Amino acid sequence: RGWSLAFAAASGGSLLCAGLSRFLDDGEHRPDRSAGLASLWRVAKRPDQLRSALVISLVGSCFGSLFVFHQLYALELGIVEVQVFFVAYAAAAVAARLGLGGLGDRFGRQRLASLMLVLYAAGAFGMTALAQVGLAPLGALFGLAHGLFYPAYNAMAVENSPPGERGMRMALFQGWFNAGVAGGSFALGFVAEAHGYPTIFVLSGLGIAVALAVLRTTETKSAAASNS
């Protein structure tokens with residue numbers, strides 16, 4: 001029915017969410033200002049937030065590269081039905097969050113996030129074999145990985161934080177993810193032009209491997225701290 005209706009529906013959904021948010025109960029929120037609140041910059045420089053920034057920006061870069069460049073690569077290979085990637089991604093992500101939303105609480109957020117990063121990397125490396133694997137399986141794998149990783153790691157980024165800093169930590173988390181999406185896609189575009197699309201998918205997968213190593217280091221430090 002045209003793009004206008006699609007954008008109008010998206011706008012309507014946003015307005016509906018804004019209206020429903022008015023009914024959310026935040027409880028008696030009285031921030032303790034006796035000791036003063038840390039600035040956003042001060043919170044961002046903390047070691048745990050720097051590690052979180054590196055992990056989520058690398059994930060954002062991979063996310064952006066797969067979403068931006070998979071269609072171009074598919075068309076280059078002669079695949080014309082490119083919409084199946086997003087359909088499979090959306091279905092898997094929604095199913096994962098609705099059906100497995102509590103898995104992080106039972107399985108452990110760090111453990112689940114680490115496992116999903118392995119699937120993330122598999123999706124990125126698998127994109128180099130798009131002609132053999134197909135868009136739908138890769139989209140479903142990507143949707144499962146992101147659908148479970150993002151909320152689990154988001155919770156890790158804000159857990160155990162003072163109430164007055166939760167909003168700042170959430171802002172930093174979202175900001176670094178979006179910076180990774182935009183910056184990674186921009187930079188990898190030049191790489192794709194010079195070396196082809198498979199190269200950027202390999203680089204994205206390697207970036208996820210780095211993110212996984214940092215996440216595992218964080219887990220080791222947390223475990224050591226709890227045992228001391």
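Helix H8 has 24 residues and reaches 34 Å from its first C-alpha to its last, close to the 34 Å expected at 1.5 Å a residue. The expected span is 1.5 Å times one less than the number of residues in the helix. Helices (H or I, at least four residues) and strands (E, at least two) are DSSP runs, numbered from the N terminus. The model is predicted, and local features need pLDDT of at least 70, side-chain atom pairs count only at pLDDT 80 or more, and totals for chains, interfaces and linings use all residues. Residues are numbered from 1 along each chain as its sequence is written, and side-chain values use heavy atoms, with hydrogens and water left out.

The chain as a whole comes to 10 helices and zero strands. From the N terminus on, its elements run α-α-α-α-α-α-α-α-α-α. Of the 228 residues of the chain, 37% count as buried; buried means under 20% relative accessible area, exposed over 50% and partly exposed in between (1.4 Å probe, protein chains only). Among contacts (heavy atoms within 4.5 Å) with a separation of 6 or more, 82% are between residues 24 or more positions apart.

H8 is mostly covered, with 17 of its 24 residues buried. Proline 151 is found in this helix and, at 37% relative accessibility, counts as partly exposed. Leaving aside neighbours within four places in sequence, proline 151 is in contact with Arg97 and His146. Alanine 113 lies 38 residues from proline 151 in sequence and 8.9 Å from it in space, C-alpha to C-alpha. Just after H8, asparagine 160 takes a positive phi of about 65 degrees.

H8 packs against helix H6 (residues 109–126), and the axes of the two come within 8 Å and cross at roughly 150 degrees. Axes are lines fitted to C-alpha atoms, for helices over the stretch in contact, and angles run from 0 to 180 degrees between N-to-C directions. The angle makes H6 roughly antiparallel to H8; angles under 35 degrees count as roughly parallel, over 145 as roughly antiparallel, 65 to 115 as roughly perpendicular and the rest as oblique. H6 passes H8 in a left-handed crossing. A crossing is left-handed if the near helix is turned anticlockwise from the far one by less than a right angle, and right-handed if clockwise. Residues making the contact include Leu112, Ala113, Met116 and Tyr120 of H6 and Leu141, Ala145, His146 and Phe149 of H8.

The contact is made by His146, Tyr150, Tyr153, Asn154, Ala157 and Val158 on the H8 side, and by Arg166, Arg169, Met170, Phe173, Gln174 and Phe177 on the H9 side.

Arginine 169 has its place in H9 and is buried, with a relative accessible area of 7%. Not counting residues up to four places away in sequence, arginine 169 touches Val43, Arg46, Asp48, Gln49, Ala157, Val158, Ser161 and Pro162. Between arginine 169 and asparagine 154 there are 9.4 Å in space, C-alpha to C-alpha, and 15 residues in sequence.

H9 also packs with H3, at an angle of about 45 degrees and with the axes 6 Å apart. That makes H3 oblique to H9, and the crossing of H3 and H9 is right-handed.

Helix H4 (residues 83–99) has 17 residues and reaches 24 Å from its first C-alpha to its last, close to the 24 Å expected at 1.5 Å a residue. The buried residues of H4 are Phe85, Ala88, Tyr89, Ala92, Ala93 and Ala96. They cover an arc of only 125 degrees around the axis, which puts them on the same side of H4; the arc is that of the directions from the helix axis to the C-beta atoms. On the other side of H4, Val87, Leu98 and Gly99 are exposed. What covers the buried residues of H4 includes helix H3 (47–76) and helix H8 (135–158).
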